[in-house]
Amino acid sequence: MQERHKNKQQYFNEQGLTTKKFVIPYLNEHIDLKPETEVLEIGCAEAGNLMPFMDLGCKCTGIDISCGRIELAKEFYKNHKNRNNLTLICKDIYDVNPTDKKYDLIVMRDVIEHIPNQEKFMGFAKKFLKDNGKFFLAFPPWQNPFGGHQQVTHSKVLSKLPYIHLLPKSIYSFILKSFNEPEAKIKGLLNIRSTGISIERFEKILKKEKYTVNKRTFYFLNPNYQTKFGLKPRRQIKPVASIPWLRNFFTTAMYYVISK
């Protein structure tokens with residue numbers, strides 16, 4: 001496990017930096033971010049991704065099922081100059097009434113791959129969008145080298161092994177146990193195995209739920225890698241990006257802007 005996964009302040013800062021440097025510029029041609037803009041982050045954790053939007057004076061809402069992470073978010077924002085613009089909610093998203101409030105922008109970065117039944121979720125999530133609203137999603141395709149999030153394992157060896165999450169479940173589980181990973185960690189990694197999503201399945205869901213894809217980008221090197229490792233983001237080369245199924249193995253991040 002990398003130190004950044006244990007240090008919540010560091011992780012919070014990294015989230016905000018990546019969003020400021022890459023996500024907001026990616027969004028600029030599709031939405032005019034201003035103080036009146038209503039932003040919702042689903043699966044916000046400590047809400048680091050909302051920091052650049054808060055700095056712009058946007059009205060932000062973060063929702064997460066983990067109350068512990070919401071409490072940390074409150075601590076991190078307690079001295080922010082625009083803290084009164086932030087609403088933090090600890091709830092399952094399905095327990096939030098989408099008729100109560102609509103948003104100009106929904107943000108989800110590295111979250112959709114953790115959600116069970118993404119078909120149901122994407123149908124529900126669009127109810128929070130205003131008619132002209134935009135929905136930004138970023139996620140790692142399941143088949144990419146670390147699509148199983150094995151980088152969070154306690155074992156330094158396992159955390160650096162690519163593609164092991166693609167092994168049959170019984171073998172993958174056996175390897176995790178052999179390296180003395182805690183039961184809770186194994187359960188979490190196997191849960192990710194059950195919810196991991198490919199580019200093709202995600203786009204099939206978008207089509208079924210009648211979303212419009214305004215923009216999409218295949219990244220060979222995830223923009224977040226610059227924040228974490230100092231590696232410059234690189235888009236996937238066109239020949240690979242155009243080959244369904246195969247492209248999942250060599251694309252470390254997908255960026256989408258979609259709308260109703």
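Residues are numbered from 1 along each chain as its sequence is written, and because the model is predicted, local features need pLDDT of at least 70 and side-chain atom pairs count only at pLDDT 80 or more, while totals for chains, interfaces and linings use all residues. Side-chain values rest on heavy atoms, with hydrogens and water left out.

Student: How many disulfides are there, and which cysteines form a disulfide?
Tutor: A disulfide is taken here as a pair of cysteine sulfur atoms within 2.5 Å, and by this rule the count comes to one. The sulfur atoms in question are 2.0 Å apart, and the link is left-handed, with -85 degrees about the S-S bond. The cysteines that form this one disulfide are C67 and C90.

Student: Which elements hold C67 and C90, and how many residues apart are they?
Tutor: Helices (H or I, at least four residues) and strands (E, at least two) are DSSP runs, numbered from the N terminus. On that numbering C67 is in helix 4 (residues 67-77) and C90 is in strand 3 (residues 86-90). The pair therefore links distant parts of the chain, and the separation is 23 residues.

Student: Is C44, which is in no disulfide, buried or exposed?
Tutor: The nearest cysteine sulfur to that of C44 belongs to C90 and is 9.2 Å away. For accessibility, buried means under 20% relative accessible area, exposed over 50%, and partly exposed in between, with a 1.4 Å probe and protein chains only. Because its relative accessibility is 4%, C44 counts as buried.

Student: Which cysteine sulfur is nearest to that of C60?
Tutor: C60 is buried, with a relative accessible area of 1%, and it is in no disulfide. The nearest cysteine sulfur lies 5.5 Å away, and it is that of C58.

Student: How many residues apart in sequence are the parts that R201 and E119 tie together?
Tutor: A salt bridge here is a side-chain nitrogen of Lys or Arg within 4 Å of a carboxyl oxygen of Asp or Glu, and the side chains of R201 and E119 meet in one at 3.1 Å, N to O. R201 lies in helix 8 (residues 199-208) and E119 in helix 5 (residues 118-125), so the pair ties together parts of the chain that are separated in sequence. R201 is partly exposed at 27% relative accessibility, as is E119 at 30%. The separation in sequence is 82 residues.

Student: Which residues are linked with K208 in a network of salt bridges?
Tutor: By the rule given above, the count in the model comes to 13 salt bridges. In one of them K208 meets E209, with the closest N and O atoms 3.5 Å apart; K208 is exposed at 57%, while E209 is buried at 14%. The residues linked with K208 in the network are K126 and E209.

Student: Which strands does strand 1 pair with?
Tutor: Two strands pair if DSSP finds at least two bridges between them. Strand 1 (residues 38-42) is mostly covered, since five of its five residues are buried; E38, L40 and I42 point one way from the strand, and V39 and E41 the other way. Five bridges join it in parallel to strand 2 (residues 59-64), where the partner of L40 is T61, and E41 stands opposite V107 in strand 4.
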